[in-house]
Amino acid sequence: EPAPMGGEHALQYVQLAMPVFRLSRVMAAGGKIESAYGWTQLTAPGGLPLRVRIDESRRDPFEFVAVRVSAMGAAVEHFTRLGMAAGKPQEGRRLRKNLGLDSLLSSNSLLEEGDAFEPEREIGSVYVGYGDPQSNTGLLLLPPLPGKRPKPSLGAQGQPEPTLRAVGAPPASASATERSPDGLPVRFEDEDAYEGSLKAEGAAA
């Protein structure tokens with residue numbers, strides 16, 4: 001049984017970017033397709049919410065993990081203290097520059113059109129991560145919901161608590177295991193330990 005994700009939980013979804021994605025294989029495995037226009041929103045067979053877009057340039061398909069936070073400033077400060085770089089807060093779509101009659105007749109919106117093949121990010125969300133976002137998996141910090149604190153995504157009975165793992169030594173300002181202001185664990189591992197844990201998890205699956 002997977003850890004709870006989405007809804008009011010801190011862990012919201014995982015975004016993937018890959019060159020080929022077959023809906024037929026997802027459905028055959030028991031996944032649930034929620035939408036598939038330009039990009040795909042689905043729930044994997046184990047209950048994991050996913051967003052998938054087509055991208056032939058990425059080496060690693062795992063683009064980022066979306067995490068709901070209770071206080072954006074504190075969350076950004078925490079993860080930058082762990083050595084991550086923070087991007088600018090996501091802005092909303094702007095008014096179109098050309099609002100002449102012909103332009104209005106050709107579209108039903110006064111706002112600039114977004115990329116139909118790129119999942120929209122919540123306004124105010126902030127990407128944090130190590131190195132180049134094109135070759136590393138990062139975090140997308142989602143702004144708090146009014147009057148609600150995200151619930152911790154605890155592991156199911158008998159399962160370990162979901163933990164974010166960073167490959168490499170922690171910065172001088174951090175210990176090997178840290179917790180975000182909302183209680184999400186972050187563990188630093190050297191490359192050998194990380195690869196060993198992946199093999200152990202694969203053998204146990």
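Student: In which sense do strand β6 and β7 pair, parallel or antiparallel?
Tutor: Keep in mind that this is a predicted model. β6 (residues 85-86) and β7 pair in the antiparallel sense, over 2 bridges. Across that pairing, Ala85 stands opposite Gly129 in β7.

Student: Which strand do 3 bridges join to β7?
Tutor: Strand β8 (residues 138-142), and the two run antiparallel. Val128 has Leu139 in β8 as its bridge partner.

Student: How do I read the two faces of a strand?
Tutor: In a regular strand, side chains alternate between the two faces of the sheet. Now take β7, residues 126-129. Val126 and Val128 lie on one side, Tyr127 and Gly129 on the other. All four are buried, so both faces are covered.

Student: How many residues of strand β5 are buried?
Tutor: 6 of its 7, so β5 (residues 62-68) is mostly covered.

Student: Which strands do bridges join to β5?
Tutor: β1 (residues 11-18) runs antiparallel to β5, joined by 5 bridges. There, Val14 stands opposite Val65. β8 pairs with β5 in the parallel sense, over 5 bridges. In that pairing, Ala66 stands opposite Leu140.

Student: Now the surface. Which residues gather in a patch of negative charge?
Tutor: Asp190, Glu191, Asp192 and Glu195. Asp192 sits in helix α4, residues 191-204.

Student: Why is Asp192 called exposed?
Tutor: Because its relative accessible area is 63%, and exposed means over 50%.

Technical notes: Residues numbered from 1 in each chain as written. Predicted model: local features only at pLDDT ≥ 70, side-chain atom pairs only at ≥ 80, totals over all residues. Heavy atoms only, no water. Patch = residues over 30% accessible without salt bridge, like charges linked within 9 Å, V, L, I, M, F, W, Y side chains within 5 Å. Areas by Shrake-Rupley, 256 points an atom, 1.4 Å probe, with all protein chains shown as cover. Salt bridge = Lys/Arg side-chain N within 4 Å of Asp/Glu carboxyl O. Lys, Arg positive; Asp, Glu negative; His and termini not counted. Charge placed at Lys NZ, Arg CZ, Asp CG, Glu CD. Buried < 20%, exposed > 50% of the residue type's maximum accessible area, 1.4 Å probe, protein only. Pairing = 2+ DSSP bridges.
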